[in-house]
Amino acid sequence: MIKVQELLANEKITYDQSIYTPIVTLWVMISQVLAPDKSLSGAVKRMSTWLSAAGVQPPSSDTGAYSKARQRLPDKLVQQLVPIVAEEERKASSHRTTMVWTTGAGTRWDKSVDESYCC
């Protein structure tokens, strides 16, 4: 998070009173790229669900504000963040393994199992 805040400060990016702060906008963009549903409406729904769970009033389901917030982020910032996010995801995924659970009901793939808890 500190690297992201430093990059935002270096680019002098500020948003007026908006639910789509630079950090929120970046989070929604990343979730949009990583989620199976890559639509704008899917991204806004995920953010609204997250905000509701955090006790914050979510914005309207209209995608216009999110789309405008994405446009306000400079391409240079996004280009600088890609390797940072990729490295963080690589670190996180190196701690996960895939295990196959076979039961009478079928097979389930579990990618969230931490190897350190295994045999």
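Helix α3 (residues 40-53) has 14 residues, which at 1.5 Å a residue should span 20 Å, and its end C-alpha atoms are 20 Å apart, in agreement. The expected span is 1.5 Å times one less than the number of residues, and helices (H or I, at least four residues) and strands (E, at least two) are DSSP runs numbered from the N terminus. This is a predicted model, in which local features need pLDDT of at least 70 and side-chain atom pairs count only at pLDDT 80 or more, while totals for chains, interfaces and linings use all residues. Residues are numbered from 1 along each chain as its sequence is written, and side-chain values use heavy atoms, with hydrogens and water left out.

**Helix α3**
- The buried residues of α3 are G42, A43, V44, M47, S48 and L51, where buried means under 20% relative accessible area, exposed over 50% and partly exposed in between (1.4 Å probe, protein chains only).
- An α-helix has 3.6 residues a turn, so residues three or four places apart point the same way.
- The cover over the buried residues of α3 includes α2 (22-34) and α4 (64-72).
- After α3 comes G55, with a positive phi near 80 degrees.

**Largest pocket**
- The volume of the largest pocket is about 750 Å³.
- The lining comprises 22 residues, of which V4, L26, I30, L81 and V85 are the closest to the pocket centre.
- A pocket is an open set of points on a 1 Å grid over the protein atoms alone, where a 1.4 Å probe fits, with protein on both sides within 12 Å along at least five of seven lines; lining residues have an atom within 4 Å of a point.
- Helices α1 (2-10), α2 and α5 (75-93) each contribute at least two lining residues, and α2 gives the largest share, nine residues.
- By class, the lining holds 18 nonpolar residues, one polar and three charged.
- Nonpolar here covers Ala, Val, Leu, Ile, Met, Phe, Trp, Tyr, Cys and Pro, charged covers Asp, Glu, Lys and Arg, and the others, Gly among them, are polar.

**Residue S31**
- S31 lies in helix α2 and counts as buried because its relative accessibility is 14%.
- The S31 side chain reaches the backbone oxygen of V28 at 2.9 Å.

**Whole chain**
- The chain has five helices and two strands, in the order α-α-α-α-α-β-β along the sequence.
- Of its 119 residues, 24% count as buried.
- Among contacts (heavy atoms within 4.5 Å) between residues at least 6 apart in sequence, 42% join residues at least 24 apart.

Note on methods. Points joined across faces, edges and corners; volume = space filled by probe spheres on them. Polar contact = N/O pair within 3.5 Å; in protein donor to acceptor, adjacent residues only side chain to side chain.
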